[in-house]
Amino acid sequence: MTQNIFVLGLDEPGYNELVTLPEADQYTFHGILSLEDLQSGVISLADLLARAQEQLDAFDGTIDAIVGYWDFPVSMMVPILCDRYGLPSKPLVSVVRCEHKYWSRLEQQKVIDEYPGFDLIDVHDPSAKLPQHMTYPAWLKPIKSFSSEGAHRVDDETELLEALAEERDATERIGGAFDDVLEMLDLPEAIADIPGGAYMVEEAAQGQQYTLEGYSWGDEVEIIGLIDSFNYDNAPSFLKYQYPSTLPEPVQQYIHDVSRRVISAVGLTNSTFNIEYFWDAPVQRLRLLEINTRHSQSHAQMFHWVDGQPNHAVMLDLALGRKPHMPRRQGEHAIAAKWMLRHFQDGVVRRVPTAEEIEALEQRYGNVDIEVAVEEGARLSDADTEDSYSFTLAEIFVGAETEQQLRDIYDACCEALAIEISDDVEGA
């Protein structure tokens, strides 16, 4: 008898990876709500939970696991739904302890020194200033967001005030839903009076960004791998994720140790996680950026190509109550990357490649997977944006044997895709 696995926001790339898992023929994967349902517009947690539960209750069969690999609200809906259906999952309080950016910093202070200066800030105060114990450059960010929404890098007081004004005028999409989660918990005094839509400031970390993927099985904290992140030149927007990491082994072990201490301290058990860091090599300084209580779907293809199995496998093992196992360096390629083709000003999409053109390009190389993120005729600014600086046109996964081969294949794909953007928005 096959086991029924319910996946919040199941998308085509995720499904394609899930069905490659060992013993996949023993599972049937069912989607709960679409990604658009889960992340579009102003989020109502109560509505989403009710709709998800309606789908689950209508199913005529066993519910063997409920999983998800997206950020909020999925990361918090999974433990809530699992609790309602008596299924294994991570504690909701530990999820919030990690993903509430301010609470997370307070917890980190107890066990590590590798965090930036931070504090709350009143987004409604038109004369708000950076706290005296902090220095520019800094980041203004909501205490809860996803995909870097609402985050602004500010280099001086003028930029801070401009960013605060912009966020005051923005639609609050997440704060109310996060408040609903906070009301489910017995919060410490330092957190209880902070609204879900609050903002904070953090000193900007220097160096290159890295993401550690891991999981906790009971009290054991295990490392899956370390991903290198590369930004575009002169812009805080991701160009690519690359695996395996090129960091020296002692630095990798240092990051592993910090990660284990933090995950143990926040009580995140029976969960995948990823932690983002900055490593400033010239001064040998590590800074923890944020903790996510899920694995990254962006890394699944890379782990599959390099290690021989996507990280989705760990999520599934934990959801079924069994100790995970990840192979290492048993994949088809020595190196893999997820590239993000971006445009850095608003515009209208005049041409996108056809499905036939994309398929031909993927077949030409055999180690390429392309996901175009825009549609012909669409205005870039009408889409939900990943950050405040750019618009994603396509995601291009590449497996290769060397870094140079990675770059050559990516460049060839960008040229062949021939996505055309008109910057004349007024004439659209």
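**Close-up 1. Thr-293 and Glu-99 meet through their side chains.** In this predicted model, the side chains of Thr-293 and Glu-99 are joined by a polar contact of 2.4 Å. To get your bearings, look for Thr-293 in the loop between β12 (285-292) and α11 (300-307). Thr-293 has 0% relative accessibility, so it counts as buried.

**Close-up 2. Helix α3 packs against helix α4.** Here α3 (residues 45-57) and α4 (residues 74-84) come together at an angle of about 45°, and their axes are 11 Å apart. With that angle, the two helices are therefore oblique to each other. The crossing of α3 past α4 is right-handed. On the α3 side, the contact is made by Leu-45, Leu-48, Leu-49, Ala-52, Gln-53 and Leu-56; α4 brings Met-77, Ile-80, Leu-81 and Arg-84. Sort the residues of this contact by type and you get eight nonpolar, one polar and one charged.

**Close-up 3. Glu-157 sits in helix α7.** You'll find Glu-157 in α7, which covers residues 157-169. Its relative accessibility is 35%, so Glu-157 counts as partly exposed. Not counting residues up to four places away in sequence, Glu-157 touches Lys-129 and Tyr-136. Leu-185 is another residue to look up from here: Glu-157 and Leu-185 are 28 residues apart in sequence, and C-alpha to C-alpha they are 36 Å apart in space.

Note on methods: Residues numbered from 1 in each chain as written. Predicted model: local features only at pLDDT ≥ 70, side-chain atom pairs only at ≥ 80, totals over all residues. Heavy atoms only, no water. Axes fitted to C-alpha atoms, helices over the stretch in contact; angles between N-to-C directions. Helix = DSSP H or I, 4+ residues; strand = E, 2+ residues; numbered from the N terminus. Parallel < 35°, antiparallel > 145°, perpendicular 65-115°, else oblique. Left-handed = near helix turned anticlockwise from the far one by under 90°. Contact = heavy atoms within 4.5 Å. Nonpolar A, V, L, I, M, F, W, Y, C, P; charged D, E, K, R; others polar. Buried < 20%, exposed > 50% of the residue type's maximum accessible area, 1.4 Å probe, protein only. Polar contact = N/O pair within 3.5 Å; in protein donor to acceptor, adjacent residues only side chain to side chain.
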